[in-house]
Amino acid sequence: APSTSFESFPVNVTGVMAFSTSPYALPASFFQSELKTSLALCLPSNSSSPGILFFGSGPFYLLPHSDVDVRSLLSYTPLLKHADSFGYFLGVDDIIIRGRSLNISGNMTTKLSTTEPYTTLRTDIYDRMVRRFSKVTKRMPLTSPVAPFGLCFRTLKNETGDRLKVPEIDLSLRNGKNWTISTANSMKRITNDVACLAFVDG
């Protein structure tokens with residue numbers, strides 16, 4: 001692609017890999033080979049951590065623990081397709097915060113995007129999430145929201161993103177598996193004193 005295509009990208013970006021079900025995207029070229037049609041994608045918690053994409057059935061090893069097959073740490077769920085989209089979708093039956101369901105309507109499909117920086121929820125689901133999250137974190141002092149987020153907390157300077165006392169968020173998937181979103185991925189550190197729930201109202 002011409003270099004002008006990347007003008008809005010960070011300076012070290014030299015190309016784009018299409019992650020979709022399109023016959024022209026990278027997964028299609030892998031799946032035409034002897035690799036099985038499975039993949040594992042690690043989404044980094046911050047911009048300085050690299051993500052990882054595994055194709056095929058493995059085994060998968062990461063340094064420095066080259067003796068541990070990463071497959072033993074993973075659970076799998078089918079990626080769904082929509083006739084009018086080349087994107088990947090997940091079947092999500094519920095969102096659970098500290099053992100309490102948000103009571104979303106079942107049989108929902110959720111788009112898996114690597115271009116949206118934060119999880120975007122439909123307004124009615126977002127409102128329920130903020131109410132529930134506010135309730136289970138009521139001992140944490142609130143602060144004024146920082147756009148694009150709607151729920152932000154005042155934090156201690158020595159608290160890192162993964163040490164904040166907030167609950168994990170479980171996505172209950174259609175095949176009975178859970179995708180647990182840890183604090184490192186659910187909270188966005190804004191300043192030394194402010195962290196926000198990293199979900200936005202769609």
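Because the model is predicted, local features need pLDDT of at least 70 and side-chain atom pairs count only at pLDDT 80 or more, while totals for chains, interfaces and linings use all residues. Residues are numbered from 1 along each chain as its sequence is written, and side-chain values use heavy atoms, with hydrogens and water left out.

Helices (H or I, at least four residues) and strands (E, at least two) are DSSP runs, numbered from the N terminus.

Strand E5 (residues 88–97) runs antiparallel to E11 and is joined to it by five bridges, with Ile-95 opposite Leu-171. Strand E12 (residues 178–181) pairs with E11 over four bridges, again in the antiparallel sense, and here Asp-170 stands opposite Thr-180. Four residues lie between the strands of the E11 and E12 hairpin, where Gly-176 takes a positive phi near 85°.

Attention now turns to the nonpolar cores. A nonpolar core is a set of buried Ala, Val, Leu, Ile, Met, Phe, Trp, Tyr and Cys residues joined through side-chain atoms within 4.5 Å. The largest one has 27 residues, and Ile-95, Met-129 and Ile-169 are among those with the most contacts inside it. E5, helix H2 (123–136), E11 and strand E14 (194–197) each supply at least two residues of this core, and H2 gives the most, with six residues. Not counting residues up to four places away in sequence, Met-129 touches Ile-95, Ile-97, Leu-102, Leu-121, Ile-169, Leu-197 and Phe-199; contact means heavy atoms within 4.5 Å. A second, separate core of six residues includes Phe-149, Cys-152, Cys-196 and Val-200.

Three aromatic pairs were found in a search of the whole structure. Rings of Phe, Tyr and Trp (its six-membered ring) pair if their centres lie within 6.5 Å; planes under 30 degrees apart count as stacked, over 60 as edge-to-face and the rest as tilted. The ring centres of Tyr-118 and Phe-149 are 4.8 Å apart and the planes are at 80°, so this pair is edge-to-face. Tyr-118 is partly exposed, with a relative accessible area of 25%, whereas Phe-149 is buried, at 6%. For Phe-133 and Phe-153, the centres are 6.5 Å apart and the planes at 50°, so the pair is tilted. This pair links helix H2 to strand E10, 20 residues apart, and both of its residues are buried.

Most residues other than glycine have a negative phi, and most peptide bonds are trans. Ala-147 and Pro-148, however, are joined by a cis peptide bond with omega about 10°, and Pro-148 is in the loop between strands E9 (142–143) and E10 (152–154). Arg-98 has a positive phi near 45°, and Asn-103 has one near 55°. Asn-103 counts as exposed, at 59% relative accessibility.

Terms used
Two strands pair if DSSP finds at least two bridges between them. Buried means under 20% relative accessible area, exposed over 50%, partly exposed in between (1.4 Å probe, protein chains only).
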